[in-house]
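Thanks for asking me to look this one over. Please have the model open while you read my notes.

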Amino acid sequence: MNATTNKDGIDPAAVVMLARALRQAAPALDLPEEDVLEFTQLATRLETEAANGSPDSSRLQGWGGSIVGILNSPVVSGALGSVLAVYTGTVLPGLPPG
């Protein structure tokens, strides 16, 4: 299976998988309700944009950065948030460290 990456090194199929994993993990992150809503909306935006024929890398990077910010915030405890933050940075290279 060959991954198709765009000019910024982003594989849209990997972004879709990331977005789905983020939404599935959201309940286990023990986030406040408003953060869960924001987190899942960001994941949905990632998936929708990545599934688009030609995703906008800057949008993906912006939303990915917001997701990493939430994952690295003090309200997220446990290893799952750290793992997801690293996974997000792998799928969306070039994100600023959280």
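Here are my points, from the overall layout down to single residues.

1. A word on the basis: this is a predicted model, in which local features need pLDDT of at least 70 and side-chain atom pairs count only at pLDDT 80 or more, while totals for chains, interfaces and linings use all residues. Residues are numbered from 1 along each chain as its sequence is written, and side-chain values use heavy atoms, with hydrogens and water left out.

2. On the overall layout, the protein has four helices and zero strands, and from the N terminus the order reads α-α-α-α. Helices (H or I, at least four residues) and strands (E, at least two) are DSSP runs, numbered from the N terminus. Of the 98 residues, 40% are buried, meaning under 20% relative accessible area, with exposed over 50% and partly exposed in between (1.4 Å probe, protein chains only). Taking contacts (heavy atoms within 4.5 Å) between residues at least 6 apart in sequence, 67% join residues at least 24 apart.

3. Now to the pair H1 and H4. Helix H1 (residues 12-25) packs with helix H4 (residues 79-91) at an angle of about 165°, and their axes are 10 Å apart. That makes H1 roughly antiparallel to H4, a term for angles over 145 degrees. The axes are lines fitted to C-alpha atoms, for helices over the stretch in contact, and angles run from 0 to 180 degrees between N-to-C directions.

4. Which residues in H1 and H4 meet? From H1 come Ala14, Val15, Met17, Leu18, Ala21, Leu22 and Ala25, and from H4 come Leu80, Leu84, Tyr87, Thr88 and Val91. By class, this contact of H1 with H4 has 11 nonpolar residues, one polar and no charged. Here Ala, Val, Leu, Ile, Met, Phe, Trp, Tyr, Cys and Pro count as nonpolar, Asp, Glu, Lys and Arg as charged, and the others, Gly among them, as polar.

5. Two single residues deserve a glance. Asp30, in the loop between H1 and H2, has a positive phi of about 55° although it is not a glycine; Asp30 is exposed, with a relative accessible area of 59%. Val86, found in helix H4, is exposed too, at 57%. Val86 and Leu71 lie 15 residues apart in sequence and 9.6 Å apart in space, C-alpha to C-alpha.

Notes
Angles under 35 degrees count as roughly parallel, over 145 as roughly antiparallel, 65 to 115 as roughly perpendicular and the rest as oblique.
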